[in-house]
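Welcome! Please take a moment to look over the sequence and the model below, and then we can walk through a few of its features together.

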Amino acid sequence: MSDRNNATAALADVAAEPGVAKPDPLLVADNVQRSFGGLHAVDVDHLEIQRGAITALIGPNGAGKTTLFNVLTGFDRGGSGDWRFEGKKMSRLPAHRVAHRGMVRTFQLTKALSRLTVLENLQLGATEQRGEAMFASVVRPLWRRQERAIIERADALLARFRLDHLRDEFAGTLSGGQRKLLELARALMVQPRMLMLDEPMAGVNPALTQSLLEHITDLRDEGTTICFVEHDMDMVMGTSDWVVCLAEGQVIAEGPPQAIGSNPAVIDAYLGKQHGAPPAEELTS
Ligand SMILES: Nc1ncnc2c1ncn2[C@@H]1O[C@H](COP(=O)(O)OP(=O)(O)OP(=O)(O)O)[C@@H](O)[C@H]1O
């Protein structure tokens, strides 16, 4: 049985209901809330993410997907609630400690990072997420050993993602798809157990789409749990084992991709919005 079949089989008996329990959850979140002034951007009662599966987080523009990612990964510490990773409390830990425990999110390449080389981006990915820079800088032999290990890992990832020929180029010169691969490689520098991908397909040309999809499913097949936010419904339907739909901060539906495409609450949520609504036929295709 392929790993996608394994992940799908593990979820086969799970009811398609918001907040439903999973057989082997890696992440369990309760009462996660984040408001901006009077706006309840995130208000999730209960959410479980199945270990070893690819979970897509969908929803119309402004549904709260990115905010939920930011709160769970410690990049936005203004939220409240209780969430556990491997059964251990993670709520309100700073991002580097969340990453140290194994939950890492990707970031779009910023202007500042564009001025670093591809290799430097990966080196930074290894240290910033670990929060060990200060300690390491006073223990030089240890620092040198770590630095060598970091470069070896970076080179292995560059080869894996076929970016090795771009190792010493400025990241700003990369194409949209190559940037996405670099973002993925940066996150993998710390060998995460759970990868949170924010719009992995945005700005990727069709030539690189398939290769990016294969990298993501390979990571799942190697045992990494993946959760991604994505507007591209082809990717959601073609890649995910489970889909969670947010609207106005709440989980309004979840289930296997085929069931979500025809779920009336999901179609209503998209059609009720002026922007970011995929046509109904895209949801059901
Ligand atoms: N820093 C902020 N200050 C004020 N409001 C914010 C802030 N961040 C997000 N919001 C608001 O919270 C709501 C949820 O935004 P969020 O970006 O999480 O949605 P999303 O589902 O990721 O949307 P999109 O698909 O368009 O990226 C929106 O109404 C947004 O305007």
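Two strands count as paired if DSSP finds at least two bridges between them. With that in mind, let us look at this predicted model. Strand β1 (residues 25-36) pairs with β2 in the antiparallel sense, over 10 bridges.

Now for the ligand. Which residues are closest to it? Of the 12 residues that surround the ligand, the closest are F36, A41, N61, T66 and T67. Two elements, β2 (39-50) and α2 (65-72), each give two or more residues to this shell. The one that gives the most is α2, with 3 residues. Here is the shell sorted by class:

| Class in the ligand shell | Count |
|---|---|
| Nonpolar | 4 residues |
| Polar | 7 residues |

In soluble globular proteins, nonpolar side chains tend to be buried together. The largest nonpolar core here has 74 residues, and A185 and C245 touch the most other members. Why does this core lie between domain 1 and domain 2? Because domain 1 (3-110 + 175-181 + 190-273) and domain 2 (113-173) both give residues to it.

For a view around C245, leave aside residues up to four places away in sequence: C245 then touches I58, G59, I252, A253, E254, I260, V266 and A269.

Definitions and conventions
Residues numbered from 1 in each chain as written. Predicted model: local features only at pLDDT ≥ 70, side-chain atom pairs only at ≥ 80, totals over all residues. Near = placed C-beta within 6 Å. Helix = DSSP H or I, 4+ residues; strand = E, 2+ residues; numbered from the N terminus. Nonpolar A, V, L, I, M, F, W, Y, C, P; charged D, E, K, R; others polar. Core = buried A, V, L, I, M, F, W, Y, C linked by C-beta atoms within 7 Å. Buried ≥ 20, exposed ≤ 12 C-beta atoms within 10 Å, placed from the backbone. Domains from an automatic or database assignment. Contact = placed C-beta atoms within 7 Å.
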